[in-house]
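Work through the exercises below with the sequence and the model open. Each task is followed by a solution in steps.

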Amino acid sequence: MKITKMEYAATGAFSQTILDYLRCSEQLQPFYNHFPTLEAFEAQLQEKSFGQEQRQILHQALQEQYASVAAVNPQVQQNIDLLLEPNTYTITTGHQLNIFTGPLYFIYKIVTAINTCKTLQEKYPGYKFVPVYWMATEDHDFAEINYFNLFGKKFSWQTEQEGAVGRFTTEGLEQVLEEMPEAYPLFEEAYRNSKTLADATRAITHALFGAYGLVSIDGDHASLKKALTPVIEKELTEQLSYKLVTETSAQLEQLGYKPQVFSREINLFYLDNGLRERLVEEEGHYKVLNSEISFSREEALQLATEHPEQFSPNVILRPLYEELILPNLAYIGGGAEVVYWFQLKKLFEAYKVAFPVLMLRNSALYINKGNANRMQKLGLAPEELFQDYQSLKKHLSAQLHEEEISLEAQRQAVADAFAQVEQLARQVDPTLVKSVGAEAQKANNALQLLEKKISKARDSKHEQIFKQLENLKEKLFPGGSLQERHDNLLNYSTNNPDFIQALVNAFDPFDLSFTILEEA
């Protein structure tokens, strides 16, 4: 496997905010705690406080959740048990419960978390580090998770279920399994034998990453939600997060950075079976939108104390909840995720919770053997593939010793000739000037037409080469986007059973470079 690294900026696929973060821009530094270097974790370890009682609650919840896994991998069980130890910390990434793992970057997130733990273990042998996947089980945006792209076809799951997707049964997924081009035992077993989508997703991540010790956690758990009670109370009575996040968002905007998420007055949902709807305050009462449910202030605060599991944090409060229930040191996210964490630092400070190190997940272009051969036949380097098609076409034309067709010099010569004719006509009979101009325009149009015909003839000469280029671009950048944002794991692991291990071998979370993997 050939590995090439390139700067994120050179890909043209990442926001200016992320690029500024990666180059340690001074104006962004007030919005995060420690920049993701190995050395920064020494301070982060000292700042993160997590008591033994919290560890026991976490351990018990994970034991209950992993009861749905038939045979827990010893590496996973060891990591769950290690969380009881005061010197054990987590490195967390989070993602929605996309069916069949969704886009490839879901896999990249987890591999980044695994490799971060491995690197930290080497640097800080006196501690233990556990990779964690935060399952977005309470998310209700079903349209974002119910499909995936495989071998150029879109597969979708249809269901009438509503509310938190982690609570969905897997009914209807058997139809997707039957539509698949071949049987995939891992997914067959997970979706046919699991009661809920949360259980199925845990089974899938366990099968894929259990040997690496990945622990998947579901925050939709009554005992875990108790840690959120003080936050719920302040959210209901003071709207604290709205004030702090709105203030931070305004500061980011003044610096030219567009906020990634919008803070509401109350950043909580009401959660029940088949229901996850926003809470809003109206005339001293709290109403659950799109329902008949409402609470007085006293009733809402009592519910927060007795049944905090019926409250669900939105994108603003979910990061805080995560850090309250995990001994976490760093959060690994995609570009958009890292950017919205910048809006949250004051919120963490208000609750005296250590703000985690923000790490951009590893990002990659995977070039299989067939595409690598096509690339080499075209005489292209992998870094050049990030150029747009027209630029690459010009590049290939140059390689073929073909200059871009242009009759500009000829057009200018004809224009000069007609200018002389016009001058002569004006001297002899000024009424002829208009006729000269018309003929000049005809000549110019004729040259333009000839230029197009010659260009077309030249292009036809190398049509096969340009078609190969077009196909290669579409395979590696489907729909013009990064491969990782479109393709599914099965596009690659089907023909390469060692695909995930290849990623583990190639990704360096602290390198801060885009990775190109090329099969030999």
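This is a predicted model: local features need pLDDT of at least 70, side-chain atom pairs count only at pLDDT 80 or more; totals for chains, interfaces and linings use all residues.

**Exercise 1.** State in which sense E7 and E8 pair, parallel or antiparallel, and examine their hairpin.

Solution. 
- Step 1: Strand E7 covers residues 268–272 and strand E8 residues 275–282; their pairing is antiparallel, over 4 bridges.

**Exercise 2.** Describe the hairpin of E4 and E5.

Solution. 
- Step 1: Strand E4 (residues 147–150) pairs with strand E5 (residues 153–156) in the antiparallel sense over 4 bridges.
- Step 2: Tyr147 has Ser156 in E5 as its bridge partner.
- Step 3: Between the strands lie 2 residues, and Phe151 in the turn has a positive phi of about 50 degrees.

**Exercise 3.** Determine how H4 and H5 pack and which residues meet.

Solution. 
- Step 1: Helix H4 (residues 52–65) packs with helix H5 (residues 74–82) at an angle of about 155 degrees, and their axes are 9 Å apart.
- Step 2: Angles over 145 degrees count as roughly antiparallel, so H4 is roughly antiparallel to H5.
- Step 3: On the H4 side, His59, Leu62 and Gln63 take part; they meet Gln77, Ile80 and Asp81 of H5.
- Step 4: Sorted by class, this contact has 2 nonpolar, 3 polar and 1 charged residues.

**Exercise 4.** Is helix H14 enclosed or open to the outside?

Solution. 
- Step 1: Buried means under 20% relative accessible area.
- Step 2: The buried residues of H14 include Arg318, Glu322 and Glu323, along with Leu320 and Ile325.
- Step 3: Because 8 of the 8 residues of H14 (residues 318–325) are buried, the helix is largely enclosed by the rest of the structure.

**Exercise 5.** Which members of the largest nonpolar core touch the most other members?

Solution. 
- Step 1: The core has 86 residues, and those members are Tyr21, Ile217, Leu320, Phe342 and Phe514.
- Step 2: A second, separate core has 47 residues, among them Ile204, Leu208, Phe499 and Ala506.
- Step 3: Leaving out residues up to four places away in sequence, Ile217 touches residues including Leu58, Leu62, Trp134 and Ile325.

Definitions and conventions. Residues are numbered from 1 along each chain as its sequence is written. Side-chain values use heavy atoms; hydrogens and water are left out. A nonpolar core is a set of buried Ala, Val, Leu, Ile, Met, Phe, Trp, Tyr and Cys residues joined through side-chain atoms within 4.5 Å. Buried means under 20% relative accessible area, exposed over 50%, partly exposed in between (1.4 Å probe, protein chains only). Contact means heavy atoms within 4.5 Å. Two strands pair if DSSP finds at least two bridges between them. Axes are lines fitted to C-alpha atoms, for helices over the stretch in contact, and angles run from 0 to 180 degrees between N-to-C directions. Angles under 35 degrees count as roughly parallel, over 145 as roughly antiparallel, 65 to 115 as roughly perpendicular and the rest as oblique. Ala, Val, Leu, Ile, Met, Phe, Trp, Tyr, Cys and Pro count as nonpolar, Asp, Glu, Lys and Arg as charged, and the others, Gly among them, as polar.
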